[in-house]
Every structure is written in C-alpha cells, then in structure tokens.
Amino acid sequence: MEWGVDALEMDVVITGDHHVLVSHEPEMLAVIMAYPDGRVAESMGENIFTMTTAEAQSYRCGIHAHPKFPEQICIPSFKPLLREVVDSVRQYAHTASILEPLYNIELKTIYEQDSSGKWNIGDHKYHPDPENFVRIFLNEIAPLQIKNNLVIQSFDARILEAMHQQSPDIPLVYLSEDSLKSPEVKLRELSFKPHGYSIYYPMINTQVVDYCRLHRIQLLAWTVNEPQDIERLVRMGVSEIITDYPDRALAIRKRLTDS
C-alpha cells in the first residue's frame, strides 16, 4: 500500500468453525508454517477445515525464510482472518489518506483432475460444498462492506456459478492454467460471461489479448515476477499483473507511462 498498489490478491479457506481464513492452501505447509510451539517440521499437512480459528491461528508463520523468496523479511505472525486483513488495510488507508485498494480474493477449493482423468474433489473434507462455501463467505464480508471494492476469482467453476447465483453483482474472474484450451473453449465452462479471465502468464499471447479485448473480458496475468516478463505483458496490453514483487511491476509501469 505504501508503494501504491491497485489491488491486494489473496486466497481464503474455511475453518472448522466456519470463518474465512487467509491461506493459500487448505492445509498447513511446512515450507511456510511452524507448529504452535515454534517447532519446524520437514512435512506437515494439517487440515485447516478440521480446526477452529483459534487452533489454526496458533500455528506460526514468518518463523523461517521461504527458499524461493530471498528478499523476504521474516516477521513472526499467523494466518489472519479475512476481516482482520480488511480492518488493517482500512486503518492504514485512513491513516495514510490513500484509497483502499481493490480486494482480489480467490476462494480456494480442491477441485482438480489427476493424470488418470479422475477428479479429486475436496468438498466436505477440506472445505464446504460450493453453495455453502459462498454462503459462509458472503456472511463474513457483509459487515465489512467491501462488495463494491471486491473481485472474486476461482479455478473451480462451481464456486463461480454459486457466487453468480447468490450475489450476481460481484465481479467474477475465472482462473486457469489449462494451456490446452483457448479462452473461448475454457470460458464455455461457465453459464455466464465472467468479468475477467486470469491465466498463468506464459499462456498469454496476442490471440488471448485480442479475444479478451474483443469480448470485453478483463485479462489478468499470474504470477509474473521477472521484469522482462512484466514488461512484455504490459507492452502487449495486459494491465492487470499479479506479482510477488509489486515494486518491480510499478516501476516498469511508471517507466513505460513516462516514456
């Protein structure tokens, strides 16, 4: 926010007592987390959907450095509730007299096809079914009043369909890393035209950019960290860049705008 980012992207899961927790995975991962006593393990895998919020937040993060992010500053913390993030963001925006950024939130489910073609679905094991997942999420954000500053994304078409039914005014983004399907084919998996299409950045070419522009679908690229890739995409007309290094993306955008 100090740098002036447009949006904050995060994933959320559901705890056993039905609260919305910010977490990239529905499990505790050893590369990120430590046990409540600070003990670091080679492997973990504890299921957040079986934990109360207090139990989930007793696990520690920021204890040890992530090997893929050498610039990371370790700050001991815990996985926050979504409402805790919003409260902190809102307080900082007010103090700094800046606009509150957009919340780009992925509702995280396990819904994927393995190499044999069998679907691995985590309903009722790692998360609620889509209708209840969406209902819990909407109940959680109601008092936060962020619906006018919110985008929901998911790889799971069922989640987007449930959100479209329960709250059709929220912009929805279909996530994809399916390199075998064109945007036209992939987006047919939905019964409606989404607000946006968010795909793994190596899949983006001029045909994808042209299709989204023609059909007025916002195109987002994830997760783009190398400056040369960020610049290539911006020059192609991709304005929505999801990155672990917003300072890099902002610097490139400013340079290209100034030139």
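At what angle do helix α7 (residues 227-236) and α8 pack, and how far apart are their axes? The angle is about 45°, and the axes are 10 Å apart. The model is predicted, so local features need pLDDT of at least 70 and side-chain atom pairs count only at pLDDT 80 or more, while totals for chains, interfaces and linings use all residues. Residues are numbered from 1 along each chain as its sequence is written, and side-chain values use heavy atoms, with hydrogens and water left out.

Some terms come first. Helices (H or I, at least four residues) and strands (E, at least two) are DSSP runs, numbered from the N terminus. Axes are lines fitted to C-alpha atoms, for helices over the stretch in contact, and angles run from 0 to 180 degrees between N-to-C directions. Angles under 35 degrees count as roughly parallel, over 145 as roughly antiparallel, 65 to 115 as roughly perpendicular and the rest as oblique. The helices α7 and α8 are therefore oblique to each other.

The crossing of α7 past α8 is right-handed; a crossing has this hand if the near helix is turned clockwise from the far one by less than a right angle, and is left-handed if anticlockwise. From α7, the contact (heavy atoms within 4.5 Å) takes in Pro227, Ile230, Glu231, Val234 and Arg235, and from α8 it takes in Arg248, Ala249, Ile252, Arg255 and Leu256. Sorted by class, the contact of α7 with α8 has six nonpolar, no polar and four charged residues. Here Ala, Val, Leu, Ile, Met, Phe, Trp, Tyr, Cys and Pro count as nonpolar, Asp, Glu, Lys and Arg as charged, and the others, Gly among them, as polar.

Within α7, the residues Asp229, Ile230, Glu231 and Leu233 are buried. Buried means under 20% relative accessible area, exposed means over 50%, and partly exposed lies in between (1.4 Å probe, protein chains only). The cover over the buried residues of α7 includes β11 (218-222), β12 and α8. Just after α7 comes Gly237, with a positive phi of about 105°.

On the α3 side, Pro130, Glu131, Phe133, Val134, Arg135, Phe137 and Leu138 meet Arg158, Ile159, Ala162, Met163 and Gln166 of α4. The contact of α3 with α4 has eight nonpolar, one polar and three charged residues.

Aromatic rings supply another set of links. The structure holds five aromatic pairs. Rings of Phe, Tyr and Trp (its six-membered ring) pair if their centres lie within 6.5 Å; planes under 30 degrees apart count as stacked, over 60 as edge-to-face and the rest as tilted. One of the pairs joins Phe69 and Tyr245, whose ring centres are 6.4 Å apart with planes at 35°, so this pair is tilted. Phe69 lies in the loop between β4 (60-61) and α2 (82-96), and Tyr245 in the loop between β12 (240-241) and α8 (246-258), so the pair ties together parts 176 residues apart in sequence. Phe69 is partly exposed at 27% relative accessible area, whereas Tyr245 is buried at 12%.

Tyr200 and Tyr201 make an edge-to-face pair, 5.4 Å centre to centre and with 75° between the planes. Tyr200 is partly exposed, with a relative accessible area of 35%, and Tyr201 is buried, with 16%. Both tyrosines belong to a cluster in which ring pairs link Phe155, Tyr200, Tyr201 and Trp222.

Helix α2 holds Ala93, which is buried at 6% relative accessible area. Leaving out residues up to four places away in sequence, Ala93 touches Met1, Ile98, Leu99 and Glu100. Ala96 is also in α2, but is partly exposed at 33%.

Most residues other than glycine have a negative phi. Ser97, in the loop between α2 and β5 (102-107), has a positive phi of about 55° although it is not a glycine, and is exposed at 68% relative accessible area. Arg216, in the loop between α6 (206-214) and β11, likewise has a positive phi of about 55° and is exposed, with 74%.
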